[in-house]
Amino acid sequence: MERVMEKVKSVNTIFWILLLYVALSLLAVPNFGTAYNIKNILGQLCVLLTVACGEHFTVLNGGVDFSATSVIALTSVVGASIMSATGLLGGQWYAVPAAILAMLGIGIVFGVVNGFSIITFKMPSFIVTMATQMVGSGLAVWYTKGQTIGNLPDSFTVMGTGSIGIFPYALLLTAAVVAVTHTMLSRTRFGRQIYSVGTNPKASLISGIPVKRTIFKLYIVSGLCAACAGIIMIAQMEAGASGYASNLFIDIMASIIIGGTSPMGGRGRITGTILGSLLIIIINVSLNLLGVPWFVISIIKGAIILIASSIDLLKQAKVRV
């Protein structure tokens with residue numbers, strides 16, 4: 001009961017911080033409250049929140065998945081090369097579904113490689129996923145020779161460019177990812193196993209929880225969510241490029257950590273990651289509207305991660321005492 005109350009307090013804290021920041025932005029930032037800007041915020045939220053939901057699983061395990069950003073880039077160029085007018089299946093009615101399946105397949109492959117390497121060779125997740133991130137980024141550049149692939153079918157790009165009022169169509173895919181991941185963590189045995197393994201893997205193993213299988217599965221979830229984020233990004237940009245998401249990782253981790261998920265594992269909720277992602281996007285947009293240089297924005301977000309992580313460590317130390 002005490003842990004449940006702690007989770008609720010954590011989500012409430014980020015909610016009030018978000019509300020305060022939005023109120024200040026409405027007062028101090030020109031054009032912040034316009035319909036165009038709100039639509040822009042929601043559009044940017046789609047990619048970040050989708051990939052953050054998958055990364056959330058790895059952080060709950062006390063790990064990390066650096067390869068998520070390269071999965072976004074690689075899926076975008078592969079998908080574009082399949083469905084482009086001059087691509088492998090250009091002009092065919094099944095080009096779009098084939099491209100989507102290929103993109104999801106890439107996410108699964110990266111998840112399998114990451115999960116298998118971590119549980120089989122007992123390698124730290126940051127080493128494995130850093131290696132696969134480098135491989136994925138290199139493959140994306142090699143595959144396209146550094147070129148952008150455009151001329152995508154309108155039936156696909158409408159997901160990224162179309163909207164109902166201020167709500168982008170892509171928000172539907174993001175909402176589906178959020179709903180599925182939230183249900184997995186809060187309503188299934190797999191979710192309970194993830195929290196248990198993240199809290200104490202040795203005790204979980206003794207109690208009969210399949211620790212290795214659980215870790216393997218959560219990296220597949222991370223890969224799939226990154227692939228879904230790649231699908232959204234290519235639809236929004238109406239082209240595939242090897243440089244997509246190259247600077248996104250800090251935003252992903254900031255969203256998760258300030259949302260109340262412990263970087264030590266075992267604690268955190270998808271609802272917190274939703275609020276954290278929204279706060280990060282609003283910070284980016286508001287400071288850009290004020291003309292703040294990108295390196296200052298980066299410093300601010302780095303400081304937010306450091307402060308949030310420090311607060312979590314202090315909380316855990318207090319609990320131990």
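Predicted model: local features only at pLDDT ≥ 70, side-chain atom pairs only at ≥ 80, totals over all residues.

Residues are numbered from 1 along each chain as its sequence is written, and side-chain values use heavy atoms, with hydrogens and water left out. Helices (H or I, at least four residues) and strands (E, at least two) are DSSP runs, numbered from the N terminus. Buried means under 20% relative accessible area, exposed means over 50%, and partly exposed lies in between (1.4 Å probe, protein chains only).

**Salt bridge**

- The structure holds 1 salt bridge, a term that requires a side-chain nitrogen of Lys or Arg within 4 Å of a carboxyl oxygen of Asp or Glu.
- The partners are D251 and K301, whose closest N and O atoms are 2.6 Å apart.
- D251 belongs to helix α11 and K301 to helix α13 (residues 294–320), so the bridge ties together parts that are 50 residues apart in sequence.
- D251 counts as buried because its relative accessibility is 7%, and K301 is buried with a relative accessible area of 8%.

**Aromatic pairs**

- Rings of Phe, Tyr and Trp (its six-membered ring) pair if their centres lie within 6.5 Å; planes under 30 degrees apart count as stacked, over 60 as edge-to-face and the rest as tilted.
- By this rule there are 6 aromatic pairs.
- One of them joins F15 and W16 in an edge-to-face arrangement, with 5.3 Å centre to centre and 75 degrees between the planes.
- F15 is partly exposed at 36% relative accessibility, while W16 is exposed at 55%.
- F66 and F249 make a tilted pair, 4.7 Å centre to centre with 35 degrees between the planes.
- This pair links distant parts of the chain, 183 residues apart: F66 is in the loop between α2 (35–60) and α3 (68–83), and F249 is in helix α11 (residues 249–258).
- F66 is partly exposed at 24% relative accessibility, whereas F249 is buried at 18%.

**Charge over a ring**

- The charged end of K217 sits over the ring of F190, 5.7 Å from the ring centre; the rule asks for NZ of Lys or CZ of Arg within 6 Å of the ring centre and within 35 degrees of the ring normal.

**Positive phi outside glycine**

- N31 has a positive phi, near 65 degrees, and lies in the loop between α1 (2–28) and α2.
- N31 is exposed, with a relative accessible area of 57%.
- E238 has a positive phi near 60 degrees and is placed in the loop between α10 (211–237) and α11.
- E238 is partly exposed at 42% relative accessibility.
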